[in-house]
Amino acid sequence: MNTLARVGTSICTNPETRALHVTASCCKNRAARIRVGKGDRPLTYEQALHPHHIGHRKGWLSQHTSNLMGENGAADRTVEDVFVRRFIFGTFHNCLANEIVIKRRGNMLVVCALMLQRLPPQKFYFLIGYTETLLSHFYKCPVKMEVQTLGDKAVYKYL
Amino acid sequence: MAAHTLNIYMLSLGRMHCHIYGRNVHKALNRATYATALSTNNSSPNKGFPDRGSRGPIIRRPRREEGEPRKDRMPVDQDWTAVYPTAAPFRPGSVPLPVRMGFPVKRGVPPEKKGNLELIKIPNFLHLTPTAIKKHCEAMKLFCTEWPSALDTNVKCDEHFPIKIECKDYVSAGTSIRNPSARIVNLRVKLSSLNLDDHAGKKMVKLLGERYCKETDIITIITDSCPVRQQNYDYAMYLLTVLYHESWKTEAWESEKTVADMEEYSWEDSPSQKNALSTLVRMQIAGEVEGDAVRDKLLGRPEVQEYRESVIRLMNEGESESSILQYREAVKKLLKL
């Protein structure tokens, strides 16, 4: 009871003092990395390779000319990419096998997607047409979708 | 109390065996002990599926099998331009090559092409085989005309078409195809190809300032002040016309041109001439009479002419090994050293 009382009179109860709580910093990089687990989790090539392998063992998911010297519009293209990825992720719920690849040819936006055969083909066609029309009207440029379907995800390794 | 316990036992029994005996036990227990609002009237044929009300039962069509991929039905002599007529991402079912791409797993091979995102990411040139390019050329030939046979050398081209216009078109990937830098027009013409006399040429050079390059004798006019390329081109041609006509005119204030405005060094009436003549006159002062006649005679002498040439060369061309040597020889001859 006495020790408890002493703890009770520490900084937190005294209203006129302040303190800073610190912990030891964890300098590990956690970006886009799936940590090693039991060995039963299947990973695609995209998930298995970490971001520092981009340019060495991985390609780029989105291609446009705005990041070249003297070109404009890099920020606009990035925002478009993010929106398109979220839109497609939500529209084709649970059907995407891998990340989406976005290519731009002139002012045309080509979205290349790998899908799983979870929906009947008629539903796929409807969703593809819906996406193309909606995004074309939204971005005022032709949007095309190139969809390939797989039976199941292509596993690269198990972690 | 006894009846109550009996009911409880019946309840637990019912719960355990409900899945075997179906609805009947459930119903009996419901009447006895439960006070739930759940309706157990399961009349739909689809057990476990949500109630669709008046729409009727869900008709599940049998899953269609996927067809044979195109690569298995390709003859060896097929028309590849029909498979990839335009730029398209990589389709593993349409390309009959056993391509593998990616970093291999330890003691493994690169992943195969089916479901390989890396092959889709990269740009491919499957639509640009030599056959395809030949077809493109054949189609474009309808819109092309022959190069005129009379213009076979660069010299002839310059002679007939001295004005050269340069414009740039920009291709980029984005929602807009317009680029404001495409409005810039670059006009180049050689000064010697314009019909200018001595005064007009010098005035033109003064008017142009840094738009004229002396080494190559080319006038460069770059216009970008108008928003449209056509407007910039018209403005450049207008500038050239105005420069040409203005340089032919002689204004009243041009007569006030001083020695400092001169483009080239001229030896006549220069301090160098005065000094040389005065030196020569003093050299001969013992022998002959002074006067204008002496000056003219002195000017006529070949050594003086040589000195004049060397000084003009030094002043106009700058100091170099040969020009200084020439000046040295001329001075030696003049002063009879």
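# Questions on chains A and B

Student: How do you know how many residue pairs are in polar contact between chain B and chain A?

Tutor: The count is 14 residue pairs, both residues of each being at pLDDT 80 or more. A polar contact is a pair of N or O atoms within 3.5 Å where, within protein, one must be able to donate a hydrogen and the other to accept it, and residues adjacent in sequence count only if both atoms are side-chain atoms. On the side of chain B that touches chain A, the residues divide into 15 nonpolar, five polar and seven charged, where Ala, Val, Leu, Ile, Met, Phe, Trp, Tyr, Cys and Pro count as nonpolar, Asp, Glu, Lys and Arg as charged, and the others, Gly among them, as polar. This is a predicted model, in which local features need pLDDT of at least 70, side-chain atom pairs count only at pLDDT 80 or more, and totals for chains, interfaces and linings use all residues, while side-chain values use heavy atoms, with hydrogens and water left out. Residues are numbered from 1 along each chain as its sequence is written, and chains are lettered from A and ligands numbered from 1 in the order in which they are written.

Student: What makes B:Lys121 and A:Glu46 a salt bridge?

Tutor: Their closest N and O atoms are 2.9 Å apart, and the definition asks for a side-chain nitrogen of Lys or Arg within 4 Å of a carboxyl oxygen of Asp or Glu, so the pair qualifies. Between chain B and chain A the count is two salt bridges, and over all chains the structure holds 22.

Student: What does the salt bridge of B:Arg188 and B:Glu166 tie together?

Tutor: Their N to O distance is 2.6 Å. B:Arg188 lies in strand E2 (residues 185-190) of chain B and B:Glu166 in strand E1 (residues 164-167) of chain B, so the pair joins parts that are 22 residues apart in sequence. Strands (E, at least two residues) and helices (H or I, at least four) are DSSP runs, numbered from the N terminus.

Student: Why are strand E2 and strand E5 of chain A said to stand at the edges?

Tutor: The open sheet of four strands in chain A has the order E2-E3-E4-E5, with mixed pairing. Strand E2 (62-63) and strand E5 (143-150) of chain A each have a single partner strand, so one side of each is left without a neighbour in the sheet. Two strands pair if DSSP finds at least two bridges between them.
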